[in-house]
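Please examine the sequence and the structure before reading on.

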Amino acid sequence: MNNDKRVKELLKDICLGRNNAMKSLEVEQHLQMNGNVLRRCVNRLRSRGTPICSSDEGYFFGATAGEVIMTIRRLDKMIDGLIRARNGLLASLDSFHMEEE
């Protein structure tokens with residue numbers, strides 16, 4: 001069974017709904033995979049429309065639309081933070097002498 005399917009089945013069977021969230025480290029240990037692999041699996045599953053949610057309590061399989069919306073809002077905040085970091089780096093380029101091409 002591939003890693004994506006293993007993650008999906010674990011979360012759907014054991015972690016259905018926010019009240020059953022499992023910390024990333026616990027999922028990693030349960031499935032014997034490292035955090036990078038787990039995050040890539042979660043990203044692929046979400047990209048395919050699987051309602052893998054997350055909160056401060058950990059990962060879980062979304063049981064309600066509200067849980068999915070909560071995760072979307074978390075992702076939106078992450079995106080905003082990444083955009084701010086990118087913009088800051090772009091602004092920092094002003095401090096470098098840029099050679100003309």
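Helices (runs of at least four residues) and strands (runs of at least two) are assigned by DSSP and numbered from the N terminus. The model is a predicted one. Read from the N terminus, the elements of the protein chain follow the order α-α-α-β-β-α, which amounts to four helices and two strands.

**Overall form**

The protein chain has a radius of gyration of 18 Å, well over the 13 Å that the globule rule gives for 101 residues, so the chain is more spread out than a compact globule. The C-alpha trace spans about 55 × 30 × 25 Å along its principal axes. Of the 101 residues, 29% count as buried. Among contacts between residues at least 6 apart in sequence, 51% join residues at least 24 apart.

**The nonpolar core**

The largest nonpolar core comprises 18 residues, and those with the most contacts inside it are Val-7, Leu-11, Val-27, Leu-38 and Ile-52.

| Element | Residue range |
|---|---|
| Helix 1 | 3–14 |
| Helix 2 | 24–31 |
| Helix 3 | 35–47 |
| Strand 1 | 52–55 |
| Strand 2 | 58–61 |

Helix 3 gives the most to this core, with five residues.

Ile-52 deserves a separate description. Leaving aside neighbours within four places in sequence, Ile-52 is in contact with Leu-11, Val-42, Leu-45, Arg-46, Tyr-59, Phe-60, Phe-61 and Thr-71.

**Thr-71**

Thr-71 is found in helix 4. Is Thr-71 buried or exposed? Its relative accessible area is 5%; because buried means under 20%, Thr-71 counts as buried. Not counting residues up to four places away in sequence, Thr-71 touches Arg-46, Ile-52, Cys-53 and Ser-54.

**The largest pocket**

Rolling a probe the size of a water molecule over the atoms shows where empty space is left. The largest pocket has a volume of about 340 Å³. It is lined by 16 residues, of which Arg-46, Ser-54, Tyr-59, Leu-75 and Met-78 are the closest to its centre. Helix 3, strand 1, strand 2 and helix 4 (65–92) each give two or more residues to the lining. Which element gives the most to the lining of the largest pocket? Helix 4 does, with six residues. By class, the lining has six nonpolar, seven polar and three charged residues.

Arg-46 links these descriptions: this residue is among those closest to the centre of the largest pocket, and it is in contact with Ile-52 and with Thr-71.

Note on methods. Residues numbered from 1 in each chain as written. Predicted model: local features only at pLDDT ≥ 70, side-chain atom pairs only at ≥ 80, totals over all residues. Heavy atoms only, no water. Core = buried A, V, L, I, M, F, W, Y, C linked by side-chain atoms within 4.5 Å. Buried < 20%, exposed > 50% of the residue type's maximum accessible area, 1.4 Å probe, protein only. Contact = heavy atoms within 4.5 Å. 1 Å grid on protein atoms, 1.4 Å probe; cavity = no way out; pocket = protein on both sides within 12 Å on 5 of 7 lines; lining within 4 Å. Points joined across faces, edges and corners; volume = space filled by probe spheres on them. Nonpolar A, V, L, I, M, F, W, Y, C, P; charged D, E, K, R; others polar. Rg over C-alpha atoms; globule rule 2.2 N^0.38 Å.
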